[in-house]
Structure formats: C-alpha cells, structure tokens
Amino acid sequence: MIKDYQQQKTLRDGYDFCIIGAGPAGITLALRLAAAGWNVMLAEGGGHEYSPHSQGLYQCTSTGLELYAEETRLRYLGGTSNHWAGRCRPFTPSDFAIAPPGDLPGWPIPYSEIEGYLAAAMEIVDLPSGAAFHAMNTGLSGGEFEPDRFLLSPPTRFAQKYATALNETAGLDVFINCNCVDLEFDKASGQVMAAVVSDYDRHRQRVQARHFILATGAIENARQLLNSETLLAAGIVDKQGLTGCCFMEHLNIDMGTFILKSDQDKEMRQYYTTDAFVAEYQAGKGNVTAALLSDVQTYGRTAEVKHFLENLACDMGVASKIEFFAKFSCPGDGVIGTMIEQFPNRQSRISLLDEKDELGVAKVNVNWALSDTDRHTIKCIGTELAKQFADMDLGYVKLNDFVYDTSVPLKMAPHAHHMGTTRMAASPEFGVVDADCKVFGTQNLYIAGSSIFAKGGASNPTMPLLQFAVRLADHLNEKLKSATGATV
Ligand SMILES: Cc1cc2nc3c(=O)[nH]c(=O)nc-3n(C[C@H](O)[C@H](O)[C@H](O)COP(=O)(O)OP(=O)(O)OC[C@H]3O[C@@H](n4cnc5c(N)ncnc54)[C@H](O)[C@@H]3O)c2cc1C
C-alpha cells in the first residue's frame, strides 16, 4: 500500500526490513522481500511526482569537475528511473578479475557471483527473456576494439511499471514524503536500532526493523552514513575515511571529429575496448560512438569548405580563418562520443558541509576528480581509435588536443552514472561494505545501488545494480529465514 507520510503516520511497531529510497534498487528489494513473506517498509523522500521542494534536498556544492548533481538525479517515487535512457550492457568477467591501478583493490568477488542474476535483472527492466546483447556493427581489425553489445530497455519507469505491485503486495508499506534523516546505531550490539524519518514539517519518527537497507543513490548513500552521529561515534564511519571516497562517473569525452573516406558505411558505429586493449595499455575500458552529424557527403568537410570559401568575407584575418576551420563541423563530418571507465581514487569524494538542509541534514560537497590513470585511458582510446580508422582506410580522425596532450585541460561531461562511494571490499581497509553489501562493523545495515561498485567498468550501471539488488534480496531472505526459523 502506498501512503503519504505527510498525512498518514501509521507505521507498524517493527518491520523485518526498512528500505530507504524508492528508485530501481529500493523498489526491486522491497517487492522481492515482501513477496517472500516479510514485513517491509519502503521510505521514499519524494512524492508521486517531481516537486521543487523534494528536489531541493539534493542541493549540494561542487569543488571538482562539473557533475550537474542536482539536475541529473530525480528525488521522487521511481527515483532517477523517471528519466533514465534504458541502455543496458552487462559487466563481464574481466571487470571483476582485473584490479585498478594504484593502491585500491578491485572487486572482492568474481563475476560468477552476479552472473546468475542477469536474467532476473533483464526481466525487471523489460528486456526480452534470453535476448542476447547483440553487436550493433562490425569491429575494427586491430584487436583493440570490438563491436559494442547492448540492449535498450523501453526504458522502464519503475514507479509506473510497479505501481500496482507497490500498492497491493501484502506486507509492504510504501511511504512517500518520508525522508530518512538519521540512522541510530548501537555500538554494543552492532545493530542499527532505528531509521529516523521526517515529513516536510520536520515531524520525526523512529522506524524499527531487523534490517536496514540504504538505496538512495551513490551521493545520498554516503551522505546518510556521514550524517549519522552514532555511526561516527562508534567508528563505523570516519569523515576522513573511505565513506564517500572513490566517487566515480563514466567519462563523456568529446574525442574529436572524423571524415569518412567514402559514402559507404554511414551508419552510426559503436565500439568497445577489448580485454587485449586493457592488458596492453594498462588502461580502463571504454565505449566509443562514431556518428555522423547528418547525411554524409563524400569528403563532406572539403565540399563545405569550398562552398564557404566562395562566400568568404574578405575582411576575415588569417588567424581567425585558421581557428574557424579548426573548429568547423559540417554535414559529412562525424563526431566521436565516448563512455569511458574512471578508476577509483581517494581524491574524488563526497564530504559533509556545515550547512544543513531544511530537514536538518548536513548537505554535501562533491569533489569529482580524475587521476593521471584516467587521462592515460582517454589518450590510449583516442589515439588507438584514430590509428584504426587510418589503418582500415575508413577515413580521417581529428582528435581534440586534450585527448593526446595531457597537459591541456580536459573538456568533458558526466554521464549521470554515480558510483563507488560505499565501495565493496574484502576488508574495511579498502571499502565500506563487505561481499554481502553489509556495512563493515554493523550487523544489520546494508547498501544497494551503484555506490557499492568497487570498479565502474564501462557498462551502464542500472542493470548490474539490479543484479546486485536481487542477489541481496536472496541473501537477506535466506539469512532471516535461518535466524527466525521461518518457513515463509
Ligand atoms: C538522464 C539520465 C540517463 C540515464 N541513462 C541511463 C542508461 O541509459 N542506462 C543506465 O544503466 N543508467 C542510466 N542512468 C542512471 C540511472 O538512472 C541510475 O543508475 C539509477 O536510477 C540508480 O538507481 P538507484 O535506485 O540506485 O537510485 P535512484 O534512482 O537515484 O533512486 C534513489 C531514491 O532514493 C530517494 N531518496 C533520496 N534521499 C532520500 C532520503 N533521505 N529518504 C528517503 N528517500 C530518499 C530518491 O527520491 C529516489 O527515489 C541515467 C541517469 C540519468 C540522469
């Protein structure tokens, strides 16, 4: 049943599970755990629709690269699935097998741990059962780039698709306008005793449950942990430690332009780095999209430039002409877009500000920062792609200078794939959650969503985070069954 917490504060005395955040991760967990027979509360901070009031609670500052963190996330029922694009590409074994450069380890589990949950995750986002992630085109011959493989979800809007289930699943209480503002931790027992929730008039209540799951997205998951005075006092969370660290995005780099050599092959092409590329260059993975600006003309730029010269105003100086041609794009030119892996680094992080939001929760600053290893990845992908185009006589690539010259400031944008702020590791020295997504040092606090990613790879994050959510639901179901002897 979906209830509005602003009007109706009818919490049960205790739940088996309290899940915070009703985006793809939270909704998936809530429905599966309730369907298994448990009493579940799903607390969603926003309402049924977008509201500036709720969205305003995502306000944060930035000291790093521009992330657009307030615009790209959505704070209402269904979360950011209300405007995701639906592109799905699964992780592969090498994402889990290869450690990132530097002192941080990669995943503490093999890919086989989540592979079995792919079919369930595909079904959740309406991908046809058993469909193969098919190639969109042929690869490039050098062995560095294979054709990208992905499927497109409709895209699934979780609030709409699962509205009936959220309303009618027995044992499930969904409260909208119900904001988590604190987690109360008891050091002696190692248990979170309650999640404190608030309506928009700052009326607070304690939600008691056996287990708590944070599913509020990568920035807010870290923010919730960092805001809990009791977790800080118990040493579970350290403001200077790993909670909030290793924030990762997928890098959206405009590599440059290309001109096709002939008017053949004018379809958009999508390539993906091979494992051989990663091994040879000790670089991250990446997707490269080569798309024409509009219908190709043979040597489109040349034709356009000729046309332009015929009409050139004579008073234009030589320097400005050169600059004009350097930046000039025209029909027949193509642009090269990317989605590139960022490696985890400790400087890229979420940290608390002194300023509080209207519900009394400290706001955060996001310092999204790249490392030299990321510049290396960008350079290797750009230069190898340009070489491949030339070797295969496909056409000419003009790379932007910041791609191959790492002293030139990078121009790029984010992809709105927030990851890594509560990373999974084998020990608290290197992460925030263990292999079961449980926060180190606690008995009953779990995290869902891409904040647990130890490495981001270059796969779109939503389907993989759903694989982890289904895995977590199975794990918690089994755990609670054996603890209570329940036969649900
Ligand atoms: C424009 C755009 C396009 C995208 N396209 C793709 C794509 O093609 N493929 C892909 O894989 N991914 C894509 N993504 C990313 C995708 O949307 C996210 O990976 C996904 O939504 C994350 O799910 P989540 O449940 O972890 O978090 P969210 O969807 O962010 O949900 C978090 C929920 O928690 C709630 N919440 C927050 N704070 C509180 C609180 N204190 N108390 C209670 N509730 C709270 C929020 O209101 C929200 O409902 C895209 C994102 C954007 C912005």
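An oxygen atom of the ligand sits 3.4 Å from a polar backbone atom of Pro 461. Taken alone, the ligand exposes 1000 Å², and the protein buries 91% of that. The model shown here is predicted.

**Around the ligand**

The shell around the ligand holds 36 residues. The closest are Glu 44, Thr 72, Thr 80, Arg 87 and Thr 462. By type, the shell has 16 nonpolar, 17 polar and three charged residues. Helix α1 (24-35), strand β9 (179-186) and helix α16 (462-484) each give the shell at least two residues.

| Residue | Backbone atom | Distance to a ligand oxygen atom |
|---|---|---|
| Thr 80 | N or O | 2.8 Å |
| Gly 86 | N or O | 3.1 Å |
| Pro 461 | polar | 3.4 Å |

**The chain as a whole**

The protein chain forms 16 helices and 21 strands. Buried residues account for 56% of its 488 residues. Along the principal axes, the C-alpha atoms of the chain fill a box of roughly 80 × 45 × 45 Å. The radius of gyration of the chain is 24 Å; a compact globule with 488 residues would have one near 23 Å, so the two agree.

**An annotated region**

An unreviewed UniProt entry places the feature "domain: Glucose-methanol-choline oxidoreductase C-terminal" at residues 344-467. In the model, this span is 24% helix and 20% strand. The C-alpha atoms at the ends of residues 344-467 lie 21 Å apart.

Notes. Residues numbered from 1 in each chain as written. Predicted model: local features only at pLDDT ≥ 70, side-chain atom pairs only at ≥ 80, totals over all residues. Heavy atoms only, no water. UniProt positions renumbered as here; feature names shortened; annotations may be inferred. Helix = DSSP H or I, 4+ residues; strand = E, 2+ residues; numbered from the N terminus. Near = heavy atom within 4 Å. Polar contact = N/O pair within 3.5 Å; in protein donor to acceptor, adjacent residues only side chain to side chain. Areas by Shrake-Rupley, 256 points an atom, 1.4 Å probe, with all protein chains shown as cover. Nonpolar A, V, L, I, M, F, W, Y, C, P; charged D, E, K, R; others polar. Rg over C-alpha atoms; globule rule 2.2 N^0.38 Å. Buried < 20%, exposed > 50% of the residue type's maximum accessible area, 1.4 Å probe, protein only.
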